[in-house]
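Please examine the sequence and the three-dimensional structure shown below. The briefing that follows describes them topic by topic.

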Amino acid sequence: MSTGFVTIAMDDLEKPRGGRPRAFDPDRALDAAMHLFWEHGYEATSLTMLREAMGLTPPQIYNAFTDKETLFRKALERYHQTEIGFALEALSAPVSTGEAIRRLLLGAAEAYSRPGKPGGCLFVSGALATSPQAQAIADELKTYRKASEAAIAGRLAEGKTKGDLPEGISVEGIAKYLAGTMNGMSIQARDGASVEELRALAETALAALPLRRQNQGHDSETGHHAGPFPRG
C-alpha cells in the first residue's frame, strides 16, 4: 500500500464479517473518528470519545475496526482520500513547476484552515507527542510525511528533466524545504493562524527559495506568476 500524495486503496469497509450486514454507515463512522484523531491526536483520543462520536457500541467498533490502532490507520487512509486533493491536483497539474509548487503551498494554506474542520494536517498533528507504546503510530505518520516529500521531489525532478528548473538545484533539498514549510504551516494552523497568515507564510517561503530569475516566470495557462522557478 502506498502513502503520501499518491493513491491509497482503502479496505472495503462495507464488507461485513461473518456474513452479517452492518447497521451503520462505515464511512460516516470513520469520518467521525478521523476528525477526533485530527483534533486531539492519537493518544489523547479515548475509546469513550470514539464511541460517542461514532455512535457505535464497543462490539460494533471492535467488529468493524478491531482496535484503536487499526481504526487510526484507517482514519489516515480516509484522510488521504478526502482531505489532500489540493496536493494531488497541484502536483499533477499541466503547468510549470513553479506554478505547481505555488498551488501546492497556497492549497495547503486553504486546506489547513478550513472552517468547521480541525486546523493543520493530520499527518503532522496526529502524533506530535507519543509515548513509547505508540511508536508504531509515530512511524506510520512519518511514512506518510516521507512519501509526501518524495512526491514533491518527483514533481521537481520532472521539471528539472524538462528544463523547467535550473540545472544546479538539489531536488531533494528543495523538496525537504517545501515539506518542512508545509509541516510548519500545519503547526501554525493548529495554533490559530488565519488563512491570510498561512498564505503570507507560503508566499514568503516561495520567495526565499535560492533559485535564479526569481518571480520572473509567468504561467500562460493561469495568468499567475510561476513563483520562484524559471520556466523552460
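The points below cover confidence, overall fold, a helix pair, aromatic pairs and selected residues.

This is a predicted model, in which local features need a pLDDT of at least 70 and side-chain atom pairs count only at pLDDT 80 or more, while totals for chains, interfaces and linings use all residues. Residues are numbered from 1 along each chain as its sequence is written, and side-chain values use heavy atoms, with hydrogens and water left out. The chain has ten helices and zero strands, where helices (H or I, at least four residues) and strands (E, at least two) are DSSP runs numbered from the N terminus.

**Confidence**

- The chain has a mean pLDDT of 82, and 79% of its residues reach 70 or more; pLDDT is the predictor's confidence in each residue, from 0 to 100.
- Confidence is lowest in helix 3 (residues 58-65), with a mean of 84, and highest in helix 10 (residues 195-207), with 96.
- For residues 1-19 the pLDDT is below 50, and the model gives this stretch 53 contacts beyond near neighbours in sequence; a contact means heavy atoms within 4.5 Å.
- Residues 212-232 also have a pLDDT under 50, with 64 contacts beyond four places in sequence in the model.

**Overall fold**

- Read from the N terminus, the elements run α-α-α-α-α-α-α-α-α-α.
- Of the 232 residues in the chain, 48% are buried; buried means under 20% relative accessible area, exposed over 50%, and partly exposed in between (1.4 Å probe, protein chains only).
- Among contacts between residues at least 6 apart in sequence, 67% join residues at least 24 apart.

**Helix 5 and helix 6**

- Two packed helices are described by the angle between their axes and the distance between the axes.
- The axes of helix 5 (residues 85-92) and helix 6 (residues 97-111) come within 8 Å and cross at roughly 170°. Axes are lines fitted to C-alpha atoms, for helices over the stretch in contact, and angles run from 0 to 180 degrees between N-to-C directions.
- Helix 5 is therefore roughly antiparallel to helix 6; angles under 35 degrees count as roughly parallel, over 145 as roughly antiparallel, 65 to 115 as roughly perpendicular and the rest as oblique.
- Helix 5 contributes Phe86, Ala87, Ala90 and Leu91 to the contact, and helix 6 contributes Ala100, Ile101, Arg103, Leu104, Gly107, Ala108 and Ala111.
- The residues of this contact comprise nine nonpolar, one polar and one charged. Ala, Val, Leu, Ile, Met, Phe, Trp, Tyr, Cys and Pro count as nonpolar, Asp, Glu, Lys and Arg as charged, and the others, Gly among them, as polar.

**Aromatic pairs**

- The structure holds seven aromatic pairs. Rings of Phe, Tyr and Trp (its six-membered ring) pair if their centres lie within 6.5 Å; planes under 30 degrees apart count as stacked, over 60 as edge-to-face and the rest as tilted.
- One of the pairs joins tryptophan 38 and tyrosine 79 edge-to-face, at 5.0 Å centre to centre and 85° between the planes.
- Tryptophan 38 lies in helix 1 (residues 26-40) and tyrosine 79 in helix 4 (residues 68-83), so this pair ties together parts 41 residues apart in sequence. Both tryptophan 38 and tyrosine 79 are buried.
- Tyrosine 42 and phenylalanine 72 also form an edge-to-face pair, at 5.0 Å centre to centre and 65° between the planes.
- This pair links distant parts of the chain, 30 residues apart: tyrosine 42 is in the loop between helix 1 and helix 2 (47-54), and phenylalanine 72 is in helix 4. Both tyrosine 42 and phenylalanine 72 are buried.
- One aromatic cluster is formed by Trp38, Tyr79, Phe123 and Tyr144.

**Selected residues**

- Threonine 66, in the loop between helix 3 and helix 4, has a phi near 75°, a positive value in a residue other than glycine.
- Glutamate 110 is in helix 6 and is partly exposed, at 37% relative accessibility. Beyond its neighbours within four places in sequence, glutamate 110 is in contact with Val195 and Arg199.
- Glutamate 140 is in helix 8 (residues 135-161) and is buried, with a relative accessible area of 16%. Beyond its neighbours within four places in sequence, glutamate 140 is in contact with Arg73 and Leu76.
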